Amino acid sequence: MTNPIIELDEIRRNYGEVVVTHVLKGINLRIEHGEFTSLVGPSGSGKSTMLNIMGLLDRPTSGRVIINGCATGDLDDHAITRLRGRTLGFVFQFHHLLTGFSALENVMMPAAVDRGTFTSSMRERAERLLSDVELLEHEEKNVRHLSGGQQQRVAIARALTNEPDLVLADEPTGNLDTKTADRVMDLMRRINKETGTAFLIVTHEEARAERCERFIRLVDGQIVEDRAGADADS
Amino acid sequence: MKPIEFFLAFRFLKEGHSQTLLIFSGATAGVAVIVFLTSLIVGLQESLVEQITGLQPDVIVEPEDDGDTQPLYSAQSGEQVFRRTEPRPGRIDEIDQWRPVVETVGEDPEVVAVTPVAFGPGSVVRGQMLQPIEVRGVDPVTYTEIVDIEDRLLRGEMRFDDLGTVIGYELAEELDVDLGDRIRFVVADADSRTFTIRGIFDAGASAANQTWAYVSLREGQSMLDLGDGVTAVQATVIDLFDADDVAERLQVMTEHDVSSWQDVNQDLLRALRTQSASTILIAVFVSISVALGIASVLVVTVVQRRGQIGVLRAMGAPMGTIQRIFLIQGATVGLVGSIFGSLLGTGLALGFNDFVRDEQGEVIFPIEPSPTIFVLACLLATLTGLLAAVAPARRAAKLDPADAITHS
């Protein structure tokens, strides 16, 4: 039996010292390889905090984050950074692409950061990814000159560069119109099916969340619902 | 340092547009000021030193002080009454056995030329008036290796045959004489001789132009009643600034009083040192201003790019990579600024040479920015840029990635 990609074990996250805010109150969760999961919840429910902890961008106040069987609590910053870069991909609501860089450079960046330089094989892979997100003809374009939907597709391609096990997407369609948002969701689903890359998509749009294989609802720092998506396509 | 760090640093700078232009301009201006100012001061100092040492020997061996020049002590208290007493009036101290001294001095590895001289006070007769002069008996061949009086000749040549003399142009004007004219020199004991003017020089110093009268060594010795003796042995050395070491060495070897040009010009050297210190101080303050400029612009860049820094961290860029991206930016600003600054500083220096001239249209003192100044300016500016980037780089590396992504 293979390890889950991520296992959260009694994760708690508090903020403040004098006035303590309990944002996550004992989260237990396993994300398996190849899953396509949505995470919904009202504003302030702790979705982003949970995503940051899963992405090793933040550390929990207590509890364990285990990635591919490796407990991350004792790892130093360098080891955490390497593990994050090689296991996880990120897509953010505001794409956070490197403006001033071309689409191709942005997509190659995670691999270049990992290996310290650009290589021709990186370029080939980045072009393949851009082709997958139907942006190959824009590869040399400065990302500043792409539309919002195109930028988000570049961000998805970038998240896949290091062949991560899991892509964590925080409101990836939150800034897009309905048609473009549907297209981006379809794209992630297709990649999930074709490559087996797992996705955890944070969204506030329930209808879209129901289309995922697995549906998780977070309320007030606790998982209150964890089931199959109602409209999930097989 | 990884290639990706240079790539990101250069692209961040390129993307910075006006900000990048601003810090490059600041660094360029700072380096230009340092290069120009340093070249100016070095040029001025070299010109001053050259002017002084051109007329003076680097090392001079003089007769030992005799008993008359020792301090005088009170017989009662034993306290020193006078620091020194002067020799008997009318008598010129001389080195009798100067040939061995010339030989000893000439054997020193640092010495490149050596000459005996017979200098003493005299007068030139003009009508009923006596004009004070210094009779300078020299061997024209060896003396001109030490003092470049030949280069300073306005007319004629350094030739003393048939009672020839070479005088300063101000003395010639005062006496209303020119080449070929005859003038009469008188020394203290009323020995007078008539010389023919063979050359007229401009030493670049009024005192020399008004009083120096060169004659042959033999005539000088004879007029000053030195017999075969000379008043000093002069020498020139390979490195001007080693003259005091050479003098110290020769002091022991010749058992005469040996002094260097530095001993004679201590006030000037002190002034030059003070000037150099103030130049360094100005360079330090300019560097601090440039560093503050670079640091403040990079801090703004860190704030503007916090989202991108957060994403790079999320992609797997370690803190060290983020830190080095900003350090490279600082060093690049310093290095590129120093290249343009050196060019600008050189342009200013050449402009100074072209536009700032004396009444005769001559360059007052030539400024020649040296490669050493460029190399030092480049090193200083690169180091300044690097140090200026330390604080912004640390700040960037310490950004919490989650916070940077969320709040940008």
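This is a guided tour of selected places in a two-chain model, stop by stop.

The model is predicted, so local features are taken only where pLDDT is at least 70 and side-chain atom pairs count only at pLDDT 80 or more, while totals for chains, interfaces and linings use all residues. Residues are numbered from 1 along each chain as its sequence is written, and chains are lettered from A, with ligands numbered from 1, in the order in which they are written.

**Stop 1: the contact between the chains**

Select chain A and chain B together; their contact takes 21 residues from chain B and 25 residues from chain A, where two residues are in contact if their C-beta atoms, placed from the backbone, lie within 7 Å. On the side of chain B that touches chain A, the elements giving two or more residues are α1 (3-15), α11 (306-315), α12 and α14 of chain B, helices here being DSSP runs of H or I with at least four residues and strands runs of E with at least two, numbered from the N terminus. The most comes from α11(B), with 7 residues. By class, this side of chain B has 12 nonpolar, 5 polar and 4 charged residues, with Ala, Val, Leu, Ile, Met, Phe, Trp, Tyr, Cys and Pro counted as nonpolar, Asp, Glu, Lys and Arg as charged, and the others, Gly among them, as polar.

**Stop 2: B:Ala404**

Next select B:Ala404, which is found in helix α14 (residues 401-406) of chain B. B:Ala404 counts as buried because it has 23 C-beta neighbours inside 10 Å; a residue is buried with 20 or more other C-beta atoms within 10 Å of its own, exposed with 12 or fewer, and partly exposed in between. Leaving aside residues up to four places away in sequence, B:Ala404 touches B:Arg306, B:Gly307, B:Ile309, B:Gly310 and B:Leu399. B:Arg313 is 91 residues from B:Ala404 in sequence, yet their C-alpha atoms are 9.8 Å apart in space.

**Stop 3: two crossing helices in chain B**

Now select α2 (residues 18-55) and α12 (residues 319-355) of chain B, whose axes come within 6 Å and cross at roughly 45°; the axes are lines fitted to C-alpha atoms over the stretch in contact, with angles from 0 to 180 degrees between N-to-C directions. α2(B) and α12(B) are therefore oblique to each other, given that angles under 35 degrees count as roughly parallel, over 145 as roughly antiparallel, 65 to 115 as roughly perpendicular and the rest as oblique. By class, their contact has 15 nonpolar, 10 polar and no charged residues.

**Stop 4: helix α5 of chain A**

Move to helix α5 (residues 148-160) of chain A, where 13 residues at 1.5 Å a residue should span 18 Å, in agreement with the 19 Å between its end C-alpha atoms; the expected span is 1.5 Å times one less than the number of residues. Of the 13 residues of α5(A), 10 are buried, among them A:Gln151, A:Arg153 and A:Leu160. What covers these buried residues includes β6 (88-91), α3 (103-115), α4 (120-132), β7 (166-170) and α6 (178-195) of chain A.

**Stop 5: two loops in chain B**

Finally, select B:Asp162, in the loop between β6 (153-156) and β7 (164-168) of chain B. Its phi is near 50°, a positive value in a residue other than glycine, and B:Asp162 is exposed, with 9 other C-beta atoms within 10 Å. B:Asp225 lies in the loop between α7 (217-223) and β11 (232-237) of chain B; phi of B:Asp225 is near 60°, and B:Asp225 is partly exposed, with 16 other C-beta atoms within 10 Å.
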